Amino acid sequence: MTELLQYEFMRRALVAAVLVGLVAPIIGTYLVQRRLALLGDGIGHVALTGVALGLLTSTSPVLTAAVVATAGAVLIEIVRVRTRTSGDVALALLFYGGIAGGVLLIGLTPGASNATLVSYLFGSVSTVEEADLWVVGVLAAGVVGVVAVFGRELFVLCQDEEVARAHGLPVRFLSVLLAVTAALTVVIAMRVVGVLMVSALMIVPVAAAQQLTKSFRVTMLLAVAIGLLSSLGGLTTSFYADLSPGATIVLLALAVYGAAVAAGGVLRRASGARSPRAHGPGAGVPAGTMPQTDRGRVKP
Amino acid sequence: MSAQFTDVGSDVPPAFRTVGAHVAYDGVPVLDGVSIDIPVGQTMAVLGPNGSGKSTLMRAMLGIVPLTSGQVLVHGVPLRRFRSWRRIGYVPQRLTAGGAVPATVREIVASGQVAARRRLSFATRADRAAVEEALETVGLADRARDSVRELSGGQQQRVLIARALAGRPDTFVMDEPMAGVDAENQRALAGTIARLRDLGATVVLVLHELGPLEDVIERAVVLESGRVAHDGSAPEPTGECARPGHEHQHPHPDPNDPARAATETAPANLIRLEVPGRD
């Protein structure tokens, strides 16, 4: 472990990994609850256009990615609300537009090729510079701040948009806020795991956590713990085993998911045997990632 | 602290007033000029066959669906400028109370206070007491720490009602709160609603059938094809008529009668209203 810390680039990479592991699952919990698990991916693709724009104009790619991804997030909300396009189709449009824009702009950039894009597609945490770290740190603080201030309202919005309206909440503002926050998270995670796997760190820890939890708050906290474990563990492993950091982080998170599914099954069987309550209609049914199956009874 | 149960003076504006409310989905009219006043403190049912616009009326009254023309005033304020949302408790029509992430019964119920609490504030003792009270009212206090997913459909419906109660509003809007709730709990809920009425709350319910709420309802508005077909005392099903899935007959004023407004107590003829049974 000490060997790891001797290298300047590894110290920076570890800080970036901590920020990503912390922030991505927080916002991911809201996205999963709102059934927008793939929003992060869509925004990631748009961020690629932003990266290419940064390279073309010789500005910080992280900064331009943040700007373009935010614009994309606002755009997707407008498309979702104003046109007859469902959420998943709007996302698909974003995927294609983002990738095409990125490849096109890179082609226009002198001295850059599609190979330049690869470091953003798959992440290059070892090339994180100090300036990047500052941008990532500020963005992470912004994301945490948004959740601290608007968390309660976002919970209601993601739970039931209609109820949010009946509470007089600013539904459109909150939707855009959530999308923009997700966009900033994507940009934070982009350098670590790359835009192709960016939403893995937002979604997989949440999917793992909810195998074991009953409450929203605990799900979020456990997801953050899993996110930190995956990003730090994956980065360390990749350093010693000479593997791709982004891929190692994502695979480690998926391994935790697999373990959580198994542990959740065992736990529920154990509590089902003990609890007298477990004879109800919902007993023993795994609370997995497909929770909306109605197990209730309509008739007495 | 609480918005609940302000004194009703003589000049208090109605809890809800709709003036020529029209709503259309994709150009198809669903509400066709509904004008009703719901005075503060009244317990009112909106009845009607499927597709008559009763849920839409309720959603329009809360601004969930936009009006194509007409106006809605909530406690005397046009909906667009209405800010006292903590006075409103809404129970949506849902099969399940949960999102895609697990949430405990208490978390869902406490979220009903979102309009009443300031940002960046912790729950006060009064907030927590209101949540406990709401849970006890619907008989779910012992399930507070369980995930809503573990509950039956009827129990989840009660969670949604408790969520509306938790914000301590004085104006309730409930969209078929009895759907999926078994007979025993329907009676318990009817008791809850009666208690709210006695405390002076305004309660508007969309109902399929009056059922155990029959004695609680003071006024029934029956919609048919997006228009008010009956407005007056609650229709009283008896005997065979109380059975779900039959055809009701309700007195209502003749729409062509010039003295229509004054005929609430003197029905001019009868309309047939189908009340489909729940399957």
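Mentor: In helix 6 of chain A, which runs over residues 114–121, the buried residues are A:Leu117, A:Tyr120 and A:Leu121. When one looks down the axis of helix 6, these buried residues fall within an arc of 100 degrees, so they line one face of the helix. The cover over the buried residues of helix 6 includes helix 3 (39–56), helix 5 (87–108) and helix 9 (171–193), which also belong to chain A. After helix 6 comes A:Gly123, and its phi is positive, near 85 degrees. Please keep in mind throughout that this is a predicted model.

At 1.5 Å a residue, the 26 residues of helix 2 should span 38 Å, and its end C-alpha atoms are 38 Å apart, which agrees. Helix 2 is followed by A:Arg35, whose phi is positive, near 60 degrees.

The UniProt record, in an unreviewed entry, gives the annotation "transmembrane region" to residues 12–31, 91–113, 133–157, 169–189, 195–213, 220–241 and 247–267 of chain A. Two of these spans can be compared with the model itself. Residues 12–31 of chain A are 100% helix and 0% strand, with end C-alpha atoms that lie 28 Å apart. Residues 247–267 of chain A are likewise 100% helix and 0% strand, and in that span the end C-alpha atoms are 30 Å apart.

Now we can turn to the place where the two chains meet. The contact takes 39 residues from chain A and 35 residues from chain B. On the side of chain A that touches chain B, the elements that give two or more residues are helix 2 (8–33), helix 7 (130–159), helix 8 (161–166) and helix 11 (216–241). Helix 7 gives the most to this side, with 8 residues, and the residues of this side of chain A divide into 16 nonpolar, 13 polar and 10 charged.

One residue that reaches across to the other chain is A:Val206, which has its place in helix 10 (residues 200–209) of chain A. A:Val206 is buried, with 32 other C-beta atoms within 10 Å. Leaving aside neighbours within four places in sequence, A:Val206 is in contact with A:Pro25, A:Gly28, A:Thr29, A:Val32, A:Thr219, A:Ala223 and B:Val101. By contrast, the C-alpha atoms of A:Val206 and A:Val67, which are 139 residues apart along the chain, are separated by 27 Å.

Chain B, for its part, has 5 helices and 12 strands. Buried residues make up 49% of the 279 residues in chain B, and residues 24 or more positions apart account for 69% of its contacts with a separation of 6 or more.

Two loop residues of chain B deserve a careful look for their backbone angles. Most residues other than glycine have a negative phi. B:Arg168, although it is not a glycine, has a positive phi of about 50 degrees, and it is found in the loop between helix 4 (153–166) and strand 7 (171–175) of chain B. B:Arg168 is buried, with 23 other C-beta atoms within 10 Å. B:Glu176 also has a positive phi, near 50 degrees, in a residue other than glycine, and B:Glu176 lies in the loop between strand 7 and helix 5 (183–198) of chain B. With 20 C-beta neighbours inside 10 Å, B:Glu176 counts as buried.

Notes
Residues numbered from 1 in each chain as written. Chains lettered and ligands numbered in written order. Predicted model: local features only at pLDDT ≥ 70, side-chain atom pairs only at ≥ 80, totals over all residues. Contact = placed C-beta atoms within 7 Å. Helix = DSSP H or I, 4+ residues; strand = E, 2+ residues; numbered from the N terminus. Nonpolar A, V, L, I, M, F, W, Y, C, P; charged D, E, K, R; others polar. UniProt positions renumbered as here; feature names shortened; annotations may be inferred. Buried ≥ 20, exposed ≤ 12 C-beta atoms within 10 Å, placed from the backbone. Arc of directions from axis to C-beta. Expected span 1.5 Å × (residues − 1).
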